[in-house]
Amino acid sequence: MKIHKEGAVTILMAIVFAVLLGGTSWYFGAPKILYWILFCIPMGFAVFFICFFREPRRRPAGDGRRITAPADGKVVIIQEVEEPEYFHGRRLQISVFMSFFDVHVNWAPVSGTVSFYRYHRGSYLAAWHSKSSTKNERTTIVFKNEDGTEVLCRQIAGLFARRVVCYAEYDKKFKAGQQIGFIKFGSRADVFLPLGTKVNVSVGDKVVGAETIIAELSTPDSTDSSNLNINQ
């Protein structure tokens, strides 16, 4: 377990703030209770940030066909939807909600090459809100595997999230379980899959990013919208 690079500045600022406040109150002879309050509160935030920006080691379980969870958290949506940005058609959506206490690293759900990438400025609706996929600040990444099947992953900012960090670039190759970014302070990650994809999770399930296999793609010649398999 180590601290993610995205949290280095935030953690350092919290520690410096704690030292400055505590040191200033001690220098001017403030009462001990005030000294400890001014020191401990920002230091408490520093400890929280250290926990929040933790970067655990993972053993990726996915590949070009087995889809792994793009983030730690709880499955909040499994449904067939219209995907309007890239596919312009019906797709199977699986959404994972990250609470404050979940790891906020995001991982590639499938092995493939980035065929589409776009960042969107937006609002900050609660991450579980149905319109957050199209209204909130977000990043859309499409991975194309070796047989040409495309999987869309979307990083979505939440009510308190104020920054979506993405490492994707056009034509960049990713392996399933490789880091694709980080979302700060509460958020959601969506995956859009072809109809006919076998789903291995249910709404309410807790998943582990890069390790939990949430779905398995059908072979190209067997994908059929009539075979949608959703476990709820």
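Which polar atom of the side chain of T197 aside, what backbone oxygen lies 2.6 Å from that side chain? The backbone oxygen of P194 lies at that distance from a polar atom of the T197 side chain. 

This is a predicted model, in which local features need pLDDT of at least 70 and side-chain atom pairs count only at pLDDT 80 or more, while totals for chains, interfaces and linings use all residues. Residues are numbered from 1 along each chain as its sequence is written, and side-chain values use heavy atoms, with hydrogens and water left out.

**Figure 1. Overview of the protein chain.** The secondary structure comes to three helices and 16 strands. Helices (H or I, at least four residues) and strands (E, at least two) are DSSP runs, numbered from the N terminus. Of the 232 residues of the chain, 47% count as buried; buried means under 20% relative accessible area, exposed over 50%, and partly exposed in between, with a 1.4 Å probe and protein chains only. Contact means heavy atoms within 4.5 Å. Among contacts in the chain with a separation of 6 or more, 73% are accounted for by residues 24 or more positions apart.

**Figure 2. The loop between β13 and β14.** T197 is found in this loop. At 1% relative accessibility, T197 counts as buried. The view shows the backbone oxygen of P194, 2.6 Å from a polar atom of the T197 side chain. A polar contact is a pair of N or O atoms within 3.5 Å; within protein, one must be able to donate a hydrogen and the other to accept it, and residues adjacent in sequence count only if both atoms are side-chain atoms.

Figure 3. Seven of the seven residues of β13 are buried, so the strand is largely enclosed by the rest of the structure. In a regular strand the side chains alternate between the two faces of the sheet. Both faces of β13 are covered, with S187, A189, V191 and L193 buried on one side and R188, D190 and F192 buried on the other. Two strands pair if DSSP finds at least two bridges between them. β5 pairs with β13 in the antiparallel sense over seven bridges, and L92 stands opposite L193. β9 also runs antiparallel to β13, joined by six bridges, and here A157 stands opposite S187.

**Figure 4. The largest nonpolar core.** A nonpolar core is a set of buried Ala, Val, Leu, Ile, Met, Phe, Trp, Tyr and Cys residues joined through side-chain atoms within 4.5 Å. The largest one has 27 residues, of which I67, I94, F143, L193 and I214 touch the most other members. At least two residues each are supplied by β4 (73-83), β5 (89-98), β8 (138-144), β9 (150-157), β13 (187-193) and β16. The largest share, three residues, comes from β5. Neighbours within four places in sequence left aside, I94 is in contact with residues including V75, I77, I78, V191, L193 and I214. A second, separate core of 13 residues includes A14, F53, V103 and F182.

**Figure 5. The open sheet β3-β16-β14.** The three strands of this sheet, in that order, have antiparallel pairing. β3 (66-68) and β14 (198-199) stand at the edges with a single partner strand each, so one side of each is left without a neighbour in the sheet. Two bridges pair β14 with β16 (residues 213-216) in the antiparallel sense. V199 has A215 in β16 as its bridge partner.

**Figure 6. The open sheet β6-β12-β10.** Antiparallel pairing also describes this open sheet of three strands, ordered β6-β12-β10. Its edges are β6 (105-107) and β10 (164-166), each with a single partner strand, so one side of each is left without a neighbour in the sheet. Three bridges join β10 to the antiparallel strand β12 (residues 179-183), where I183 is the bridge partner of V164.

**Figure 7. Strand β7 with β8 and β11.** β7 (residues 112-120) runs antiparallel to β8, to which seven bridges join it. Y119 stands opposite T139 in β8. Two bridges join β7 to β11 (residues 173-174), also antiparallel, and T113 has K173 as its bridge partner.

**Figure 8. Cysteines.** The structure holds zero disulfides, a disulfide being a pair of cysteine sulfur atoms within 2.5 Å. The sulfur of C153 is 8.4 Å from the closest cysteine sulfur, in C166, too far for a bond. C153 counts as buried at 1% relative accessibility, whereas C51, at 44%, counts as partly exposed.
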